[in-house]
Amino acid sequence: MKDPLKVAVVVPYPWTEVLRGGERYARDLALQLQARGHQVEVLTTHVSKRFDTTQIDGLTVRFAPRFERAWQRRRDLSAMQTQAISAFALVLRHRYDVVWALTPGGAWAGRAARRATIYAEMGMPTMEWLEERKGGVRQYRSVLRTASQVTAMSEAALATVREASPRARRPPVVAYPGVHLGQFELDGAPRIGPPRLLFVSDASIGRKRLHLLLEAALVLQDRHPGLVVEVAGPGDPIGAITHLGERGDAARALMDLSGPHALADMPRVYPKATVTVLPSIFEAFGIALVESLACGTPVVCARAGGMTEIVDDDTIGATFEPDDVDDLVLALDRAIALAADPATPTRCRAHSVRFAWEHEVGDAHERLMRWVAEHPT
């Protein structure tokens, strides 16, 4: 058996404060590496002026002060963009074999401290997006040229990383995120009765397309009496409601604002839904789709980004053309019918296994980490 490694997982916000795909990935990655015998510490920030260490979900979490200075506000810089400052102090203080960073700032801190560093790109960094930020292209390419290894969350995301930084130190690779299957119990009952369409993304972010789901729900309500759109994620949905104009009040009447939920609550949320819907664009992966499938609930997503690498089987869900409300209506109709099939929950669960941390996803991450530890430069 190989010796265990000491690993720092660097994320700007703890998952107890901000619930997004990145924070969820950081937690699950740390738990998986720890379960495999490695010494893992999560490095993050808090609003206190002090450094602190605590235990969260059985993980050692080290907090550094979150720098929020006037010059940052003037430049519209968030803690995510300036985490290099706080992360560097923690990485330098402790002897880690590998730094696994989820932001460019965290990756810079790892390399500045001369540690083997993996930069996990959590999104789809298009050139247009980078060019909108002062120095964005130069800074991003600098990080990718210095990191020991760069990963993307899907083949679709990998293509954007390659375009944004064609001269990375090493060719970027795909490292699919995963789910801990043991945390998501299969509910084998068919989903019958009035449809419950589950939306778990941030309702305030336009690219998550809550307004599109609401438009489709307004069309579907006549042939599916009692239909409900459950908004279980964070964020204020007022923007999506306002987007619908005069139909906003009718859409609001269909909504059940149950969120935001803690990570521990989600295994109880998915089985109550008929279908989980992710109508986003620019989605690098879509971990909520895998979590839903693990519970036996079918899914609907746009044919965009990394989501189609999950929903590639029409027996576990349906896809639609991005921003096409008529196509979304058709996809939802198919998925609602699919949810009533007694065989669907088992098929969904079986489909999710290929994204399980306990199996190939966890093995792939550990192989990558060990390789980087042995080849840091």
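Asp-249 is found in helix 10, which covers residues 248-253, and in this predicted model the residue is exposed, because its relative accessible area of 61% lies above the 50% beyond which a residue counts as exposed. Between Asp-249 and Phe-199, which are 50 residues apart along the chain, the C-alpha atoms are separated by 18 Å.

- Eight strands form an open sheet with mixed pairing, and their order is 3-4-2-1-5-6-7-8.
- The edges of this sheet are taken by strand 3 (52-56) and strand 8 (173-174), and each of them has a single partner strand, so one side of each is left without a neighbour in the sheet.
- Strands of a sheet pair through backbone hydrogen bonds, in either a parallel or an antiparallel manner.
- Strand 3 and strand 4 (residues 59-65) run antiparallel and are joined by 5 bridges, and within this pair Thr-54 stands opposite Val-61 of strand 4.
- Helix 7, made of residues 155-164, lies across strand 7 (149-152) and strand 8, and its direction is at about 135 degrees to that of strand 7.

**Helix 12 with helix 14**

- Helix 12 (residues 287-294) packs with helix 14 (residues 344-352) at an angle of about 130 degrees, and their axes are 7 Å apart.
- Helix 12 contributes Val-290, Leu-293 and Ala-294 to the contact, while helix 14 contributes Cys-348, Arg-349, His-351 and Ser-352.
- Sorted by class, the residues in the contact of helix 12 with helix 14 are 4 nonpolar, 2 polar and 1 charged.

**Helix 8 with helix 13**

- Helix 8 (residues 210-220) and helix 13 (residues 325-339) pack with their axes 9 Å apart, at an angle of about 65 degrees, and the crossing in which helix 8 passes helix 13 is right-handed.
- On the side of helix 8 the contact is made by Leu-212, Leu-213, Glu-215, Ala-216, Val-219 and Leu-220, and on the side of helix 13 by Val-325, Leu-328, Val-329, Leu-332 and Asp-333.
- The contact of helix 8 with helix 13 has 9 nonpolar and 2 charged residues, with no polar ones.

Key. Residues numbered from 1 in each chain as written. Predicted model: local features only at pLDDT ≥ 70, side-chain atom pairs only at ≥ 80, totals over all residues. Heavy atoms only, no water. Axes fitted to C-alpha atoms, helices over the stretch in contact; angles between N-to-C directions. Helix = DSSP H or I, 4+ residues; strand = E, 2+ residues; numbered from the N terminus. Contact = heavy atoms within 4.5 Å. Nonpolar A, V, L, I, M, F, W, Y, C, P; charged D, E, K, R; others polar. Pairing = 2+ DSSP bridges. Left-handed = near helix turned anticlockwise from the far one by under 90°. Buried < 20%, exposed > 50% of the residue type's maximum accessible area, 1.4 Å probe, protein only.
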